[in-house]
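Please read the following notes alongside the model, taking the points in order and checking each against the coordinates as you go.

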Amino acid sequence: MTVPPPQPPDRAEAGRPPRGTATPRPLGRDGEIDRITRCLTRQPGGPQSLLLLGEEGIGRTTLLRHVRDLATAHGMRVLSAAGWTADRRHARACLRQLLAPVLDEVPALPDRHGRVLTAALDPAREDALPDDAQVRAAVLALLDRLAGFSPLLVTVDDAHDCDPAFLDALCAGARSLTGRAVRLLLTARGDAPPPGSPPDMERLHLDPLGVPAAAALLDRLPAPPTGRRRLEILEEAAGNPLALVELGRRAPVPARAGLTGAGPARRPFTAHAFGARLDGLPPRTGRALLYAAAAAPGESVAALMAALDTDDLTVWAPAEAAGLVTLAEDRVVFRHPLARSAAFARCPADARHRAHRDLARTVARPQEAARHRAAATLGTSEPVAAALEDSAWRRGDAVEAARALERAARLSPRPRERTRRLAEALVAAQAVGDPAWVRDLYGCFVREATDPEHAADDAFTSGGTTEGATIPGRTAGDATGPRRSADSTTAPEVGSDTTAPDAGTTTAGPAPDATTALRPSVGDARLACAAAGALASVLSQESGQREAVDVLTNVAEHIPEAGRPVGLVVAALAAGVAFQSGLPEHRETLATLLDRAPETTSSPPPQPPGAGLLGRLDTPDAQQALHAFATTVVRPPAAVHRLPDLGRPHSALHDAPDALIRRLTVAMVAYHADEADVRLAELRKADAHLAASRAFGVRAWSVLALLDTLVATGRFAEAESLVREAADEAAVLRLPRLRADLEAQALTLLALRGTLPPEPWLTPAVWRAVSLEENRATHARLLRARGLAAITLGDWDESWRQLRELFTADGSPLHPFLSPRSITELAVAAQRTGRSAEVVPILARIGADQGERPSTRMTLLLHHATALTGPDHDAEQHYQLALVNHEADRWPWARAHARLDYAVWLRRHRRTVEARRQLTGVLETAERLGAGALAAAAARQLRACGAARTPRTGGPLEQLTAQQRQIVQLAADGLSNREIGEQLFLSPRTVGSHLYQVYPKLGVSRRHQLRDLLEDG
């Protein structure tokens, strides 16, 4: 036969997908893609062959498809095959798939290999088939030829369904062509490699998606679920992409009105590949799987067996053999989320109800028993509703509590109880933090409060969502995002064009006026206030501060009737909104709400909704703390005087009935008072409690204060970890304003660390969703972050431009609390750009606002800024006043910053020895904190002083820190602890502590031995 000449490289187009059809980058797989890319591009350490393992639906095929597009973009020829169970009955089926695009290359092979492949690939031939060794050699020859034209990628999806001889041929080829540009990528189901793959092949296991990526994938569906059902799907799917898609498609279609948000299903559940496995099980095993699916994950085998009325454990054996479940540690664990869903959904309704009734008798936990009773109840039932309500907060989990209370409201036959439980469910859903869920329940509450009988006939019997409820402050059709005024401000240089809101947000339509809708009947004022507070909270988290204040103002007339505890809770919510907005008119509204809270009541009022999480809100201590927090926001400097009156909670507070609410409010007062120790201790404890309770809706109010404190006290690593954790939660719950705040905090940390990546530093879509004009706290954090970033990069004009916006033209702060904390950075930028005179009136304004006794931190910052911008002959006095108070050690970065600028001043006045002492301390502090930008600045100044850092030698002081070496040297010179402290701006106690620590390291026990030690060294 005639052998065609070798083809040019453009023949590599064979087997590639059509151009312009590149798959989108799979969500949450950046690490896996990077590792595969190292394989494709032959980067150092990259393998030549790779096996992707993972459970069904985990995204192996999607990732493989994306990798093929990447390979094509890199100029590689791609050959692909996919295993199929039926292929095992047909020899060479996978080989035919793989080589189909390059059959025209077979005649170019040597005759013996060409004949072997021609015979192996001809499905009509059944006699004289070549053996596996011959086929392996021929495949190797073909791959070698193809690799000579262009790099080659061979991919096989579902390799576990391919015949072993085919896999053996491919793997042998990959091993033999080590020096050629051939890459092999296989995928297989499960955790173990398929038979035929080499044991030394590098493996990459695909784990479930993280929650943020899973939420993003769910929201990409054409009609994504919202509210409670969205959170349930995320929990049930457990990060499996196929389960997310299947369960998301199965989510209910919104109906006209209702409580539960559960209308008719979009389509029957397909059960994917699990249907055949379930159909092949014995009836008794199918029934056992139904009971296991109906039970809560992790329910004991003993409870399941009791419900099944059998003790024969062999009932589970067929399901284990089919790979559907595993019995481990007295638990039945479904191997796949869709296996659980299919086992439940494929059974008839009467069987499902019977399973719930049987489980209600046998499960041990009261909350689970109540849930099963509710699932088996048709219509309404007060005993079942009461049991659900009683069990809602038993585990302290906000998500479970909100679900239980919502279901309890649906099962309540009496309108009054239904309304009360709806309010409780609404507050619990606000604690969870999902805005769509809160809006759904709020719409139901409005209808119940205005026309209970109509709601009972319509909302609670028809099912569906709350379409038609108007949210106060919004017009019809404008319920999906924050209200944007015509003069609202967007993030500087982030983007000014508007974008659509996050997908899946509940849309409100025409409805009765919300102001009258919340006008309650006698005795329900506290419920109206609780509902308004829950809605205002999520509006604030979404950036609608004006809308949130409108909602709270609408119920202000009910506060006297609701009682002092409810009034103070409303005022505390308004205080949080006013702090976030930073608008003077909102602080005035807060004062009005406080005035409406009655001082005393004739009889103790009922406990307001929300006690299940926050604890008792009607105790004297809780009310005192709530009042102190609200009044603190009106005038932040007064917090310094209010904190001592509250006392400092101790460990015994953990068991107090008002523990959490007191911790939160005391911590927030301490936050305004700049009492770092109190606020850090209490915020950490409260944050841990809220995280364990899955109450991010409440946690979101305190997490930024905790982050501010961690950053200000130099705990950068802890702050970075908290930013990542909170950002994931904010992305899942779709809280754009909080995401913006967290991005600003992340940029601040990068700037302080000196690890700024290339721009852009911020996500435009996040910032376009936030109205900065009514979110001045967010705006202030953004301006400081960008100002610090500019300082780190040495762009002083840009830093001035950003930081100057923290204050208005007349010198008043953009935000009354956050803006003054950036006065030192503004003074630094002003000094570097020759604008110091412009800062003087701002300093005077801040000093007047702080009063006669500013906090230790503000004293440090004000004296530091005055030293930078005031007359040079007064600078040293202000530097010393800034540093003399050793309590300022609680703010190590700010204090080290002041010492750095003082050292610069000393060096400029030719006092280099003193400057070196200051700079050594700055360098040690910066290295301890991980403040790379500050450390770099101190190192530059040390070199300018002629004392560049030298590597440590083997002397006696090698094991000491720079500051400890300074202290030892001065002590050896005969200085007392007080004299050393005065030179290094340390307290005598701190100096003594350092000496106590270094004596054992140096092998001395007395002060006088230090001189001899240094002389010998």
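1. The crossing of H7 and H8 is right-handed, a term used when the near helix is turned clockwise from the far one by less than a right angle, anticlockwise being left-handed. Helices here are DSSP runs of H or I with at least four residues, strands are runs of E with at least two, and both are numbered from the N terminus.

2. Before going further, please note that this is a predicted model, in which local features need pLDDT of at least 70 and side-chain atom pairs count only at pLDDT 80 or more, whereas totals for chains, interfaces and linings use all residues. Residues are numbered from 1 along each chain as its sequence is written, and side-chain values use heavy atoms, with hydrogens and water left out.

3. The axes of helix H7 (residues 211-219) and helix H8 (residues 227-237) come within 10 Å and cross at roughly 125°, where axes are lines fitted to C-alpha atoms, for helices over the stretch in contact, and angles run from 0 to 180 degrees between N-to-C directions. That makes H7 oblique to H8, since angles under 35 degrees count as roughly parallel, over 145 as roughly antiparallel, 65 to 115 as roughly perpendicular and the rest as oblique.

4. Which residues of H7 and H8 meet? On the H7 side they are Ala214, Ala215, Leu218 and Asp219, and on the H8 side Arg230, Ile233 and Leu234, with contact meaning heavy atoms within 4.5 Å. By class, the contact of H7 with H8 holds 5 nonpolar, no polar and 2 charged residues; Ala, Val, Leu, Ile, Met, Phe, Trp, Tyr, Cys and Pro count as nonpolar, Asp, Glu, Lys and Arg as charged, and the others, Gly among them, as polar.

5. H8 is largely enclosed by the rest of the structure, because 9 of its 11 residues are buried, that is, under 20% relative accessible area, with exposed meaning over 50% and partly exposed in between (1.4 Å probe, protein chains only). Ala238, which follows H8, has a positive phi near 55°.

6. A further helix pair is H9 (residues 241-250) and H14 (residues 337-345), whose axes come within 9 Å and cross at roughly 35°. Here Leu242, Ala243, Glu246, Leu247 and Arg250 of H9 meet Pro337, Leu338, Ser341 and Ala345 of H14, and the contact of H9 with H14 comprises 6 nonpolar, 1 polar and 2 charged residues.

7. Ser543, in the loop between helix H24 (525-542) and helix H25 (545-554), has a positive phi of about 105° although it is not a glycine, and at 0% relative accessibility Ser543 counts as buried. Asp674, in the loop between helix H32 (659-673) and helix H33 (676-692), also is not a glycine and has a positive phi, near 60°; Asp674 is buried, with a relative accessible area of 2%.

8. Leu706 lies in helix H34 (residues 696-712) and is buried, with a relative accessible area of 3%. Leaving aside neighbours within four places in sequence, Leu706 is in contact with Leu680, Leu683, Arg684, Asp687 and Leu722; the C-alpha atoms of Leu706 and Leu680, 26 residues apart along the chain, are separated by 6.8 Å.

9. For the protein overall, the secondary structure comes to 50 helices and 7 strands, and 56% of the 1017 residues count as buried.
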